[in-house]
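Work through the exercises below with the model open. Try each task before you read its solution.

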Amino acid sequence: MSVTLCTTCGTPSLTQFASPDLVAKIVYEGHDRADDPAWRESGAATLEDYARWCAHLCGIACFRMALGPDAPSLFELRDGALKYGAYTEDTEGVIHGLIYAPFAEYARDVHGVEATVHRHLALDEILQLLDEGRTVMTSVHFEIRRPERPAPGRGGHLVLLTGRTPDGLLHLHNPSGIDARSRTAELSPEAFEPFFAGRGVSMVTRMGVSATR
């Protein structure tokens, strides 16, 4: 599978769904996730496994982007995170996660990534972390893909912040972006804040990603 690199920060632009052109149909029109012709590219062992899990893998997709173009497949990373307890399933089979602490342990132990959990994270702290050369996976509402609309809530989805522009805009990669503009986007801190849940994980990877400053 070819990997598209962002022209601003050099980070891969990837989605948690195998077919980027189906994201809008999946998230807004109820398109069956099992009807994804590219599902094998995710690394899933079966179509059933792919369809059940892909909607839950925004955090793993962010991590895959942070690792760079040579990162393992989405589901190989999922399998590794599962072994560390970064996802759990309840008695009814409902998937819960990404759980930050075991994920950070997995990132450090297996991939050599310096990962720090931030259970309480302010916007000015994000700016400082980005200026230190860290990428920051942050909890936001999924509707951040349409920031021109009022935010309906905070949290529940993860995006990857890779840096900020010279004029102070946050540069982010959204694994459930519905088009090129929303998959790699730049938002002012003021536009970002209403979607932001105030928590996340910052990382330093071998890739050393940072957006143009």
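## Exercises on strand pairing and burial

**Exercise 1.** Find the residue of S10 that is the bridge partner of Val117, and work out how S5 and S10 run.

*Solution.* This is a predicted model. Start with Val117: its bridge partner in S10 is Val201. Next, take the whole pair. S5 and S10 are joined by 5 bridges and run antiparallel.

**Exercise 2.** Which residue of S10 stands opposite Thr135? In what sense do S6 and S10 pair?

*Solution.* Opposite Thr135 stands Met203 of S10. The pairing of S6 with S10 is antiparallel, and 5 bridges make it up.

**Exercise 3.** List the buried residues of helix H6. Then explain why they lie on the same side of H6.

*Solution.* Helix H6 covers residues 123-131, and its buried residues are Ile126, Leu127, Leu129 and Leu130. Around the axis they span an arc of only 165°, so they sit on the same side of H6. Now look at the cover. It includes strands S5 (114-118), S6 (135-140), S7 (157-164), S8 (170-173) and S10 (196-204), along with helix H8 (189-192). Finally, check what comes after the helix. Gly133 follows H6, and its phi is positive, near 90°.

**Exercise 4.** Is His111 buried or exposed? Which side chain does the His111 side chain contact?

*Solution.* Locate His111 in helix H5, residues 100-111. Its relative accessible area is 12%. The cut-off for buried is under 20%. Therefore His111 counts as buried. Its side chain makes a polar contact with the side chain of Tyr106, at 2.8 Å.

Definitions and conventions:
Residues numbered from 1 in each chain as written. Predicted model: local features only at pLDDT ≥ 70, side-chain atom pairs only at ≥ 80, totals over all residues. Heavy atoms only, no water. Buried < 20%, exposed > 50% of the residue type's maximum accessible area, 1.4 Å probe, protein only. Helix = DSSP H or I, 4+ residues; strand = E, 2+ residues; numbered from the N terminus. Arc of directions from axis to C-beta. Contact = heavy atoms within 4.5 Å. Pairing = 2+ DSSP bridges. Polar contact = N/O pair within 3.5 Å; in protein donor to acceptor, adjacent residues only side chain to side chain.
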